[in-house]
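Here is a short note for someone opening this structure for the first time. Please keep the view at hand while reading the points.

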6 protein chains.
Amino acid sequence: MSDLQTGMPSTRQLQHAIKEKQEVELKLVTDDLIVGKVKWQDPDCICLVDHYDQPTIVWRHAIAYLKPKS
Amino acid sequence: MSDLQTGMPSTRQLQHAIKEKQEVELKLVTDDLIVGKVKWQDPDCICLVDHYDQPTIVWRHAIAYLKPKS
Amino acid sequence: MSDLQTGMPSTRQLQHAIKEKQEVELKLVTDDLIVGKVKWQDPDCICLVDHYDQPTIVWRHAIAYLKPKS
Amino acid sequence: MSDLQTGMPSTRQLQHAIKEKQEVELKLVTDDLIVGKVKWQDPDCICLVDHYDQPTIVWRHAIAYLKPKS
Amino acid sequence: MSDLQTGMPSTRQLQHAIKEKQEVELKLVTDDLIVGKVKWQDPDCICLVDHYDQPTIVWRHAIAYLKPKS
Amino acid sequence: MSDLQTGMPSTRQLQHAIKEKQEVELKLVTDDLIVGKVKWQDPDCICLVDHYDQPTIVWRHAIAYLKPKS
């Protein structure tokens with residue numbers, strides 16, 4: 001992974017979510033809400049997987065916010 | 001924190017809000033309004049926590065403006 | 001202020017507005033219209049204050065245009 | 001003007017419009033349509049003036065397209 | 001291809017989709033949904049082709065997310 | 001032209017469209033659809049001309065996708 005800034009809090013929180021298999025909600029600038037577990041992150045994208053293990057690759061520029069699944 | 005430009009007024013105001021546990025309103029480009037205390041900032045994101053201490057990680061590119069909670 | 005390009009016309013007009021305490025209108029990509037005096041600018045943000053001296057920190061990426069208050 | 005790439009066709013067309021006092025239409029990502037003569041450009045912004053010589057400073061990131069006034 | 005970061009998971013998943021001729025769904029920030037096989041990617045764009053082999057060149061900045069065709 | 005990356009597929013396809021005087025459709029993030037022949041491209045913009053040879057200079061950041069005119 002080339003440019004991922006592993007020292008940033010946001011990167012570390014995502015790494016934590018990956019490790020702990022936490023469910024999260026991603027609100028997108030399109031108003032879509034994507035719910036799932038974080039599978040991986042890279043400098044451009046974050047990948048969530050749903051209950052059927054289907055992946056959705058979300059571009060970071062399209063993310064408004066991330067919350068733990070309530 | 002790699003690239004946070006601590007000399008910029010906007011960064012300093014956010015650091016001030018973190019230290020003083022100020023409540024702020026973040027208006028997003030999605031028209032969402034997120035209210036809470038600023039927990040941390042990094043070059044990509046700002047984290048707010050609500051009254052139940054639940055975090056919301058907001059991407060800076062999605063922020064329109066920030067105001068003190070009125 | 002690290003990267004503010006003080007030679008650019010747009011930066012200079014904003015500095016002029018700060019010095020002259022001009023009222024301006026900022027139209028945002030959210031269609032919000034923020035009216036006030038420009039308090040400060042940095043490479044990421046522009047801060048307006050309203051009649052009650054309440055600040056609004058606006059991210060530049062969210063600005064569509066700026067006009068003198070009509 | 002620090003970074004304006006004067007060799008680019010888009011920059012040159014704008015310089016031409018400034019010199020010739022051409023009226024143009026700027027369509028913004030907010031769907032606003034700004035009509036006027038181009039007064040100046042810099043790497044971040046383009047300034048149009050209307051019939052009353054009132055300026056509007058438009059951020060480039062908010063521009064969708066530019067056409068000669070029809 | 002100048003800057004394509006071939007080590008990133010998102011780039012590799014797209015290369016995999018190209019090689020395997022997988023159908024994918026691209027959700028755009030305009031809310032358009034483009035369905036097709038990934039033909040190529042470069043640092044700015046991703047090209048999908050439909051059943052009639054007609055190409056659509058999609059700019060990455062306009063992509064919200066990508067999913068395998070369900 | 002300073003920074004145009006002529007080796008990228010997207011740049012080459014646009015050069016091809018210019019040379020062949022192909023009609024294309026540009027879908028913008030504003031949902032506008034611009035139809036015409038590609039006259040020139042530079043790192044920031046793409047210029048289309050309509051049947052009356054009227055130019056529209058489109059900023060790349062506002063483009064969602066490009067298709068051959070159907």
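1. Start with one pair of side chains. E:Lys27 and A:Asp32 meet in a salt bridge, 2.6 Å from N to O. The term covers a side-chain nitrogen of Lys or Arg within 4 Å of a carboxyl oxygen of Asp or Glu. Across the interface of chain E and chain A, the rule finds one such bridge.

2. A word on the basis. This is a predicted model, in which local features need pLDDT of at least 70 and side-chain atom pairs count only at pLDDT 80 or more, while totals for chains, interfaces and linings use all residues. Residues are numbered from 1 along each chain as its sequence is written, chains are lettered from A and ligands numbered from 1 in the order in which they are written, and side-chain values use heavy atoms, with hydrogens and water left out.

3. How many residues of chain E are in contact with chain A? Chain E brings 20 residues, and chain A brings 21. Contact here means heavy atoms within 4.5 Å. The area buried between the two chains is about 1600 Å², and carbon and sulfur atoms give 62% of that area. Buried area is the accessible area (1.4 Å probe) that two parts lose on being put together, summed over both. On the chain E side, E:Met8, E:Pro9 and E:Tyr65 supply 28% of what chain E buries against chain A, more than any other three residues.

4. Polar contacts also cross between chain E and chain A. Six residue pairs are counted, both residues at pLDDT 80 or more. Such a contact is a pair of N or O atoms within 3.5 Å; within protein, one must be able to donate a hydrogen and the other to accept it, and residues adjacent in sequence count only if both atoms are side-chain atoms.

5. Which elements of chain E face chain A? α1 (9–20), β1 (23–28) and β5 (63–68) each supply at least two residues of that side. β5(E) gives the most, with six residues. Helices (H or I, at least four residues) and strands (E, at least two) are DSSP runs, numbered from the N terminus.

6. Strand β4 (residues 55–59) of chain A and β5(E) pair in the antiparallel sense over two bridges. Pairing requires that DSSP finds at least two bridges between the strands. E:Tyr65 in β5(E) has A:Val58 standing opposite.

7. Now turn to chain D and chain C. The contact takes 21 residues from chain D and 20 residues from chain C. About 1600 Å² is buried between them, 63% of it from carbon and sulfur atoms.

8. One salt bridge is counted between chain D and chain C. D:Asp32 and C:Lys27 join their side chains in a salt bridge (2.6 Å, N to O). Six residue pairs are in polar contact across the interface of chain D and chain C, both at pLDDT 80 or more. β2 (33–41) and β4 (55–59) of chain D each supply at least two residues to the side touching chain C. β4(D) gives the most, with five residues.

9. β4(D) also pairs with strand β5 (residues 63–68) of chain C, antiparallel, over two bridges. C:Leu66 stands opposite D:Ile57 in β4(D).

10. Some chains stay apart. No contact joins chain A and chain C, whose closest C-alpha atoms lie 11 Å apart. Chain B and chain D do not touch, with nearest C-alpha atoms 11 Å apart.
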